[in-house]
Amino acid sequence: MKTKLRRFTAVLSAMLCMICCVLSAVPAFADDTVTKNDLSSVKWSYVDSPLKIPHFQEVYDNFKSVISKTYNYIAVYGKKSDGTSETNILYFDPTAIAYYSFTNNQFLFGSNYAYDSQRLLFKFDSSDNKTESVGYGGWNVTKPSGFTKSVCNGLLNLNDYVQSTVKVYFHTKVYDFDNIENELEPPDLNAPIVPFSVQYSRKLTTGMSRSGTLSAPGAKNDGETITNNNIDITVKLTDEYKQAMQKALDKDPKATQYTYQYVLFITPYDPNIFGTKKAMDGAIYTYLNKSKYVLSTAYGKTKSNTTTDSKYDTVNTPDSSSTDTSSSNVGEMTSENADGVANSAFCNGVTPLFGLPIANGANMTNTHTINLENIKGADKLGEQDILYIVVVGKRYLYETGAEGYAKDFYANNAEFKTFYKELPDNAVASKINGLYGGNGYDFYTVVSDGFSFKDYPDYKPLEINGVEYPTDKPISDMLDDPFPPSKITDYDGLENGTDFDTKEDFDDYINNKKYDEQYCTFNFNLTDISSIFDGSSDFFKFMTASIGILPPIFITILIAFFTIMLAICLVKWVVK
C-alpha cells in the first residue's frame, strides 16, 4: 500500500512539474512591447511659467548667484498634509543630467560629482509665512541599466506633498529615469486635448522576424522555434479627453453618450508625407469590425424627442411609419437624427468604423488583433517594403437615444460616409475647434513607426461566422457598397434577445407587432345600428383599419368586382 502511495505521489509531482513548465513557456519575442512614458500620466500639474510657482521669485533671488551659473533648473512647489509648504529650485550643473522617475515619483540627477546638483528651497508654515531657507544635496540611489555617470543621486521626493497641490516648471532637459534615453517633453498647455493613444504588442521595426525561440526551461519544447503572425493594436481614450467629454455629458441632460469614432488600416504610404486621405485610399489592409450597427430609423418604440446642440440644427425623431429595410435604406441614421435610436433597426454586421463610447461604466479601450495572413498580397512583400499602421479618429459624435444602451456602439454606412467626406487630406495636423473650455482636434491621426517583415505568410481570407470578407477592398469602395447586414432586430429585440436572419422575417415581425399593439384588446361598444356607421366609433375604425392592411391587389379586385356588379345591375335596369 505504501509503495502504491509513493508511486502515486511521484506521478502527481511529475505532472505538476510538467504543467508548471508548460505554463512558464513564453515566446522569447513576446516581451517586445516598448512604451515610452510621458508627462501626461503624472498626478501633479505642469505650469508654463516659473512665475506660476508660488514664491518662486523670492527663492530665485535668494540663490541667484548659484542658479545663474547655468540657468538649468526645475522649480517645484507643493503643500504637505499638515498645511506647510515648500518652494524648491533644483539646480543642475552643465555636466549634470536631470531625471524624473515615474516609478518612484522623484526627481534625480546623474553627474561626475556629488554636488553638481542641489535642492534649494524656502519652507513656509500653514499661514504661508517663511520659516526656513535651506539647501540640500542628494541621496544615493541604484543606477539603472546603461547609466554612464559615476554619481546617481535623488534630489526631491514628490510623494512628500499632496499631489493635487504640486506645481512643476522645467528650465532644463529632463530624462526618464526608467528609460534613460527617453527625453521628457513638457506638455504644451495650449495644445489641443489628445483624444487617444495607440500601443502595439511588439516594437515595430524594419526586417522583423515572425519566428522566435520558445523559452521554457525544463519543458520538452524549450528552445523550439515558433511563429507569431499577429500584431495587437490597443486604442485607448486619454483621461483628459474622457474628462472633457464627461463634463459635456453632465451639461446636457438629453445626451446619453458621446462616441469617439476611428478607422484602422495598414498602408505603404506614410501619412506624414502623402497625407491621410491618400494613405487611406492606398491601404492594403483595413481592419473590419463585427458589431451592431444601425440599419434604419423606421422601427420599434415611438420615442418623441427633440435634440438641440450647438453643433447641429434642431432635429426631430424620424417618422416611424416607413417599413422599408432594403439595402438602399442602409445608413439612414446619422448624428443629426441619432435621437431616433429607439425607432431603429439594429444589425450584426461588418463595418470599417469603430467606436469608443464615452459614458459612465463604458469600456474606453479597444484591442484589435491584425493577422498577417489576412493581408492580401503580403506574401509578395519583402523586407524593403515599409508599411505603416494608421489609426484615424473623428473628434466626436453626438448621440442620444436608447437609455441602457449607452455602453454600446452603433455604426452605419451614412456615418462612415460622413467620416470619409469630412476627412481632410492631411488629418495628421487637422484643424482644431473649441471643446467645452478646451481645444479638441476635429480629426486626430496616430501613425506607427515604419515596419516590415523578412517574410510574410500565405494569404488566408478573413472569415467572420463562415463568411469571407475582403480586407484589401478600397475604403472608398465601402462607401456605396457596404457589407450586408445579418441578425436584424429592433430596440425591443435587444431587450428580449429576439433577432432575425432575413429582412423578410424581420418585416413580418414588425407587422405582427404593429397589429398586436393596435388590435390585441378592443371593445366595439356598439349601442345601436347607427353606431356601426359612426365615423368616430371603434367598430368603424376597426373596419377601416382592417381594410387598410389588406393587400392593394385584393382591394383592387374587390373594387373591380363591385363596379362590374353595379354596371350589370344598371344595364339590366336600363334594358327593362
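**Notebook: rings, strands and burial**

I began with F443, which is buried at a relative accessible area of 4%; buried means under 20% relative accessible area, exposed over 50% and partly exposed in between, with a 1.4 Å probe and protein chains only. F419 has 0% relative accessibility, so F419 counts as buried as well.

A note on the model before going on. I am working with a predicted model, where local features need pLDDT of at least 70, side-chain atom pairs count only at pLDDT 80 or more, and totals for chains, interfaces and linings use all residues. Residues are numbered from 1 along each chain as its sequence is written, and side-chain values use heavy atoms, with hydrogens and water left out.

**Whole chain**

I found 11 helices and 32 strands; these are DSSP runs numbered from the N terminus, helices being H or I of at least four residues and strands E of at least two. Of the 576 residues, 44% are buried. I also looked at contacts (heavy atoms within 4.5 Å). Among those with a separation of 6 or more, 75% join residues 24 or more positions apart.

I followed an open sheet of 6 strands with mixed pairing, in the order β9-β10-β6-β5-β12-β13. Its edge strands, β9 (139-140) and β13 (179-184), each pair on one side only. Strands pair here if DSSP finds at least two bridges between them. Inside the sheet, β5 (residues 97-101) and β6 (residues 106-111) run antiparallel and are joined by 5 bridges. A98 has F109 in β6 as its bridge partner.

**Aromatic pairs**

I listed 28 aromatic pairs. Rings of Phe, Tyr and Trp (its six-membered ring) pair if their centres lie within 6.5 Å; planes under 30 degrees apart count as stacked, over 60 as edge-to-face and the rest as tilted. W44 and F107 have ring centres 6.2 Å apart and planes at 50 degrees, so this pair is tilted. W44 sits in the loop between β1 (26-27) and β2 (45-46) and F107 in strand β6, so the pair ties together parts 63 residues apart in sequence. Both W44 and F107 are buried.

**Charges over rings**

My last look-up was for NZ of Lys or CZ of Arg within 6 Å of a ring centre and within 35 degrees of the ring normal. K277 lies over the face of Y420, 4.7 Å from the ring centre. K278 lies over the face of Y269, at 4.8 Å from the ring centre.
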